[in-house]
Amino acid sequence: MRFSRFFLPTLKETPAEAEVISHKLMLRAGMIRKLAAGIYSYLPLGLRVLRKVEAIVREEMNKAGAQEVVLPMVQPAELWQESGRWEFYGKELLRFKDRHARDCCLGPTHEEVITDLVRREVRSYRDMPLNLYQIQTKFRDEIRPRFGLMRGREFVMKDGYSFDVDEKASGKTYLAMYAAYQNVFRRLGLQFRAVEADTGSIGGSFSHEFMVLAETGEDTIVSCTGCDYAANIEKAEVVWSEKGQIKSNTPSRPMEKVATPGRRTVEEVTTFMGIPPQQLVKTLIFLVDGQPVAVLVRGDHEVNEIKLKNLLQAREIALADEALIRRITGAPVGYSGPVGLPVKIVADQAIQGMYDCVAGANEEGHHLVHVDAGRDIHADLYGDIRSVTAGDRCPRCKQPIRLSRGIEVGHIFRLGTKYSEALKATYLDGEGQERYMVMGCYGIGVSRIVAAAIEQGHDESGIIFPVAIAPFDVLLLPVNVNDTVIREAAEDIYHEFLSRGVHVLLDDRDERAGIKFKDADLTGIPFRITIGTKFTKEGLLEIKVRGTGETLFVTREQLVQTLLNMHSERIPRCLQQG
């Protein structure tokens with residue numbers, strides 16, 4: 001491809017709308033343009049990267065025995081009502097009526113559609129296992145679309161669904177897809193980690209997320225320093241023990257109310273009282289499926305809303321507003337406490353055994369001291385409802401854990417019979433008995449992978465693409481296209497690369513060398529071949545590796561073989577075969 005004919009509108013300045021690194025660089029590199037909030041057009045450079053990701057995903061899915069289909073993006077409400085998710089999914093599900101006033105939605109995922117398809121066609125155990133997937137545009141009406149392709153409303157996704165005769169067979173399929181996902185992300189050239197995860201709105205009994213490791217990632221990854229345990233922050237288990245609890249050697253003293261004027265926050269109260277944060281009981285009021293619930297955690301801990309939701313088997317939870325807090329506690333925000341509250345109380349397991357602690361008094365400007373959990377706090381339910389902290393231990397081997405950042409790019413689920421029971425997807429076993437199909441679900445954020453790769457691979461000059469998904473293998477840069485020797489050499493090399501199946505971008509623009517070099521670094525193409533005065537005087541071409549900055553001078557005859565030898569395991573197969 002010639003740069004002069006390629007639709008590649010690069011930008012010198014970062015647009016004001018850009019937020020994270022990938023968003024900034026994709027706009028500047030001419031990969032995408034915004035149409036509306038969370039909705040983007042892919043320009044040729046961006047589409048080339050997207051197609052390369054799709055190709056790797058497709059190859060590994062096919063290799064694992066999955067078969068590709070394409071399912072409708074518009075889905076009838078009846079299916080979602082049948083599964084029970086029409087209301088449960090929330091406002092992210094974009095609902096509308098067609099011209100016949102029939103309720104429909106734009107597909108954010110396709111569990112209902114695929115289950116409906118299979119239940120109509122599969123009758124016998126002989127028809128399974130069955131594993132179907134698609135690569136398709138999805139739509140989720142995010143309340144706050146942001147970060148470009150990282151959290152858009154419209155996005156490209158690979159979603160796959162498996163159907164097996166029982167849990168054992170489904171487990172084998174799950175492991176096969178886990179291995180396929182490992183292969184996908186290795187081939188993409190990304191640093192990643194598979195972690196245990198919450199199943200969320202998809203449901204099911206078990207799941208893993210695949211995280212691209214990046215300091216700018218939205219998600220926190222919890223991993224063990226001593227074993228292979230890893231989970232996202234929503235799922236990571238907390239091992240509780242009485243060690244480290246604040247206790248006193250003195251006899252229990254009566255609870256007492258003291259004045260704490262103007263002290264609302266944990267920091268303000270603990271500083272005023274001269275106590276560590278772990279000696280404070282923090283009381284938060286939540287609305288759980290419309291009912292107020294008091295939630296207790298230690299002052300140095302944070303409520304994990306996913307864990308709380310799962311513990312209570314709730315559909316929706318949210319922090320109460322100030323008006324409701326005043327109505328329940330009789331005090332403004334910052335003075336809520338667990339003693340005497342007329343609502344259900346759910347406490348984190350670390351609250352058990354707390355002794356001589358401080359809590360809100362449910363009275364403005366006052367707190368309670370000498371509070372004993374066993375004597376004064378009457379929780380209806382204890383459980384693991386807080387987020388892991390850096391000081392916690394691994395739930396498997398008790399070794400220290402570490403926290404890192406990541407970007408979720410894949411998620412696989414053991415669904416069990418959640419959807420097959422709801423939609424009556426059954427088969428006849430070998431004895432003629434009707435049984436529910438056992439399902440799995442496997443998603444990959446194809447367009448998000450593009451953004452995540454840039455979040456992981458970039459520098460101050462621009463993008464550093466992994467070789468496997470770079471839009472071109474080589475950027476051929478003649479410094480002066482008006483020089484006959486340079487221009488003819490560029491044309492000769494360009495055509496040889498094309499004949500060998502190498503994806504090459506020839507920068508044939510009559511522009512200053514500085515502009516060409518800046519665009520070369522910005523677009524992240526792995527190898528740049530510069531044809532300049534060193535070629536006209538000494539017959540040498542410069543090869544520069546974008547990812548490392550390594551440079552090498554070679555003759556025209558050495559060029560192709562040298563590229564094959566440089567980082568051969570990272571070179572596209574088209575080069576290796578050439």
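Student: Which residues are exposed on the other side of α13?
Tutor: Glu488 and Ser499 are the exposed ones there. Keep in mind that this is a predicted model.

Student: And which residues of α13 are buried?
Tutor: Ile486, Ala489, Ala490, Ile493, Tyr494 and Phe497. They sit on the same side of α13, because they cover an arc of only 135° around the axis.

Student: What does that buried side pack against?
Tutor: The buried residues of α13 pack against the strands β27 (474–478), β28 (504–506), β29 (527–531) and β30 (540–545), plus the helices α15 (533–538) and α16 (559–565).

Student: How far apart are the end C-alpha atoms of α13, and what should its 16 residues span?
Tutor: The ends are 23 Å apart. At 1.5 Å a residue, the 16 residues of α13 (484–499) should span 22 Å, so the two agree.

Student: OK, on to α14. Which of its residues are buried?
Tutor: In α14, which runs over residues 513–523, the buried ones are Lys516, Asp519, Ala520, Asp521, Leu522 and Thr523.

Student: What follows α14?
Tutor: Gly524 does, with a positive phi near 75°.

Student: Which residues have a positive phi although they're not glycine?
Tutor: Asp289 is one, with phi of about 50°. Lys398 is another, with phi of about 70°.

Student: Where is Asp289, then?
Tutor: In the loop between β14 (280–288) and β15 (291–298). Its relative accessibility is 40%, so Asp289 counts as partly exposed.

Student: And where does Lys398 lie?
Tutor: Lys398 is in the loop between β20 (381–383) and β21 (401–416). Lys398 is also partly exposed, with a relative accessible area of 42%.

Student: What does Val293 touch, leaving out residues up to four places away in sequence?
Tutor: Leu284, Ile285, Phe286, Val288, Lys344 and Val346.

Student: How far is Val293 from Ala350?
Tutor: Their C-alpha atoms are separated by 18 Å, and the two residues are 57 apart along the chain.

Student: Now peptide bonds. Which one is cis?
Tutor: The bond from Met128 to Pro129 is cis, with omega near 10°. Pro129 lies in the loop between α5 (111–121) and β7 (130–139).

Student: What about the loop between β7 and β8, where Arg144 sits: is Arg144 buried or exposed?
Tutor: Arg144 is exposed, with a relative accessible area of 55%. β8, on the other end of that loop, covers residues 154–164.

Student: What is Arg326 in contact with, leaving aside neighbours within four places in sequence?
Tutor: Ala331 and Pro332. As for Leu415, Arg326 is 89 residues from it in sequence and 41 Å from it in space, C-alpha to C-alpha.

Student: Let's zoom out. How many helices and strands are there?
Tutor: The protein has 17 helices and 31 strands. Its C-alpha atoms fill a box of roughly 95 × 70 × 50 Å along the principal axes.

Student: How much of it is buried?
Tutor: Out of 578 residues, 53% count as buried. The protein exposes about 26000 Å², with carbon and sulfur atoms supplying 49% of that.

Student: What share of the contacts join residues at least 24 apart?
Tutor: It's 69%, among contacts between residues at least 6 apart in sequence.

Student: Last one: how far apart are the mean positions of the positive and negative charges?
Tutor: They are 1 Å apart, for 75 positive and 79 negative charges.

Definitions and conventions. Residues are numbered from 1 along each chain as its sequence is written. This is a predicted model: local features need pLDDT of at least 70, side-chain atom pairs count only at pLDDT 80 or more; totals for chains, interfaces and linings use all residues. Side-chain values use heavy atoms; hydrogens and water are left out. Helices (H or I, at least four residues) and strands (E, at least two) are DSSP runs, numbered from the N terminus. Buried means under 20% relative accessible area, exposed over 50%, partly exposed in between (1.4 Å probe, protein chains only). Contact means heavy atoms within 4.5 Å. Accessible areas come from the Shrake-Rupley method with a 1.4 Å probe; for residues, only the protein chains shown count as cover. Lys and Arg count as positive and Asp and Glu as negative; His and the chain ends are not counted. The place of a charge is taken as NZ of Lys, CZ of Arg, CG of Asp or CD of Glu. The expected span of a helix is 1.5 Å times one less than its number of residues. The arc is that of the directions from the helix axis to the C-beta atoms.
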